[in-house]
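Please have the sequence and the structure open while I talk.

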Amino acid sequence: MLEIKNLRSRIGDTEILRGLSLSVNAGEVHAIMGPNGSGKSTLAQVVAGHQDYEVTDGSVTFKGNDLLELEPEERAREGIFLGFQYPVEIPGVNNAYLLKAALNAKRKHQGLGEIDAFEFLKMAREKMASLGMDPKFLNRGVNEGFSGGEKKRNEILQMAMLEPELAILDETDSGLDIDALKAVATGVNALRSPDRAIVLVTHYQRLLDYIEPDFVHVLSEGRIVKSGDKTLAFELEEKGYDWLREAASA
Amino acid sequence: MTRLPTDALQAIVQRLPTPRDEDWKYTDLSRAREISERWLGAGAAVPAAVLADDIERITSDIDANWFVIANGELTILTKPVGVAVEKVKKPPAMEGSLAELNAALLIDGLRIRVNAELEKPLGLLIIDHADEASVSQAFIHVEFASHSAGKIIEYHTSSGSADQYANTIVTIDVGDNASVRHVRIQDRARTHVQTGRTMVNVGRDARFQSSGFDLGGGLIRNDMIIDISNPGADVSFDGLYLAGDGQHIDNHTRVDHRVGPATSRQEYRGILNGKCRCIWNGKAIVHEGADGTDADQANHNLLLSDKAEIDAKPELEIYTDDVKCSHGTTVGQLDETALFYLRSRGLDKQHAAQIMTHAFAAGLVGRAPVEVAREKITALVEARLATLIQSDEDFSE
């Protein structure tokens, strides 16, 4: 589904991804771990199409098509969802409006008509209930005045509504209490299916207690230096990242 | 109507403010002067325009008791209960050459006295149509007796392909313990010129709330002048200006806090695209002895084009100690991070920019203190924004 080959990317003069390769197939859950500054968030932003990151080498294809040619909104409509590490507050634009606009943009791309207002509300309420979100959040400004946990739940709500084929969750677990973490995990696990793939970018093993990955990759200095199954996450939790960094530079 | 001889009128026109006057540094009234000279030279006729359809359209959209001044002449006069209305031939003496011009050329002035709690707003429609260059004046004084309450809708609009210059003065006295809500909508033709002054005297423990919306006009200058000479006054006013190619919109505000305690709060927001210029100059003067004054002013601007220009200038003059004053000014483009966030959800760039721009304006529209006018204001703002955003493709540079 997602094929990344020898990807190099920089922001300004700083090269962050230095020849990264990764292959994600439908039905798989991948966890990408690594120390701060290793390029985890950059990878997520590049796949989503953030203009500040320049791709200097390598390729990224999604369902066989060159992803790097597409605008961020086209990638979203093709089925990619990025859960932001820092969800953006947009005062004055209400949550329901954004959800509906996002859903309709995707439906239009698929040749479908706009979603029925009643259908939309029913779907949103159900998803919110399963995430433990108060329905009143629908009428608030996007992330406006939300707590850290509320913002992350809101990301998961957007994901649940859009039902992406590939979800990349950038440190969705950071700063969450145990209830919020469980709610996020519930949302992610509900999305798991043979047709979809999920990439979890995380600093800690904790999230993986609730969402069991098929593969764990360790990112260091812009490259994947080690891949394994979920036991790798436990190993990292125990030993930290230093031994890998030494291995990578050796 | 007895009028000054043409050369005396031309002399007043020559005395209109120029950019050499500190308060007019950014706004050049040469166009107003030139139109006036031409019109006076051609005999200073009042255009016999047929405006009935336009008037009907506006007055039926907003449920108010309407007074209509078309090309400077009073055409519709309502007499609601609790209100005394009379025509004035001569406005009271006021400072400045614009007031002098207004007095010299005024056809029908209006004095409205409110002695009750009005349910329906008073609608003041000032409408002009120009097939040939013309100049019009309006003077309206509205007086709210103590303990009275009411709403005012000031609606300025114009049409026609010829040059037009409107010079308007609205004065509002808010009596002790009275409460007045006011909106001003300006939707003039994109080539026309207006100098408009709104002067408000606020009584003891009285309340005045206002919102202004500048959507049209070629060269627009508004002066909002608030005088607080009584303790307990509570004043708050907003302004939204939307400007595109060729427009120049200048909002000058002045609040005199002569006594305290009293509160004044203002927030102006602007959205600019294309080659245009806007000015916000907010002056607050806290006079000696006006202890307990709380004055706050804010001005935020969204510049969607590098050809758009804004001059934002807060001016606080404080001559007493026990005051709380604050001001904040921002000038910026649409937030890149927020744009990317919306696009990452599948909204195209244009749509993302559009909803963020609408959200910026919507805050002030939602606060417009005359509820019955809100629907109309929303429609006008949305229509103006739709054309404003289309006029320039690129929001990120």
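Predicted model: local features only at pLDDT ≥ 70, side-chain atom pairs only at ≥ 80, totals over all residues.

Over all chains, the count of salt bridges comes to 44, where a salt bridge is a side-chain nitrogen of Lys or Arg within 4 Å of a carboxyl oxygen of Asp or Glu. Residues are numbered from 1 along each chain as its sequence is written, chains are lettered from A and ligands numbered from 1 in the order in which they are written, and side-chain values use heavy atoms, with hydrogens and water left out.

One of these salt bridges is between the side chains of A:K122 and A:E126, at 3.9 Å from N to O. Because A:K122 and A:E126 are 4 residues apart in helix α4 (residues 117-130) of chain A, they are separated by about one helical turn. Helices here are DSSP runs of H or I with at least four residues, and strands are runs of E with at least two, numbered from the N terminus.

Let me turn to the interface. How many residues of chain A are in contact with chain B? There are 30, and they meet 18 residues of chain B, contact meaning heavy atoms within 4.5 Å. Chain A and chain B bury about 1,900 Å² between them, 66% of it on carbon and sulfur atoms; buried area is the accessible area (1.4 Å probe) that two parts lose on being put together, summed over both.

Between chain A and chain B the count is 3 salt bridges, and A:E155 forms a salt bridge with B:R345, with the closest N and O atoms 2.8 Å apart. On the side of chain A that touches chain B, at least two residues each come from α1 (40-48), α2 (72-78), β6 (80-83), β7 (90-94), α3 (95-109) and α5 (148-162) of chain A. The largest share of that side, 5 residues, is supplied by α3(A). By residue class, that side divides into 18 nonpolar, 8 polar and 4 charged, with Ala, Val, Leu, Ile, Met, Phe, Trp, Tyr, Cys and Pro taken as nonpolar, Asp, Glu, Lys and Arg as charged, and the others, Gly among them, as polar.

Now the sheets of chain A, where two strands pair if DSSP finds at least two bridges between them. An open sheet of 4 strands has the order β2-β1-β4-β5 in chain A, with antiparallel pairing. In that sheet β2 (14-24) and β5 (65-66) of chain A stand at the edges with a single partner strand each, so one side of each is left without a neighbour in the sheet. Strand β4 (residues 54-62) of chain A is joined to β5(A) by 2 bridges, and A:T61 stands opposite A:D66 in β5(A).

An open sheet of 6 strands, with mixed pairing, has the order β6-β9-β10-β3-β11-β12 in chain A. Its edge strands are β6 and β12 (223-228) of chain A, each pairing on one side only. Strand β11 (residues 215-220) of chain A pairs with β12(A) in the antiparallel sense over 5 bridges, and A:V216 stands opposite A:G228 in β12(A).

Finally, two backbone details. In the loop between β11 and β12 of chain A, A:E221 has a positive phi of about 50° although it is not a glycine. In chain B, a cis peptide bond joins B:G260 and B:P261, with omega about -10°, and B:P261 is found in the loop between β14 (248-257) and β15 (262-272) of chain B.
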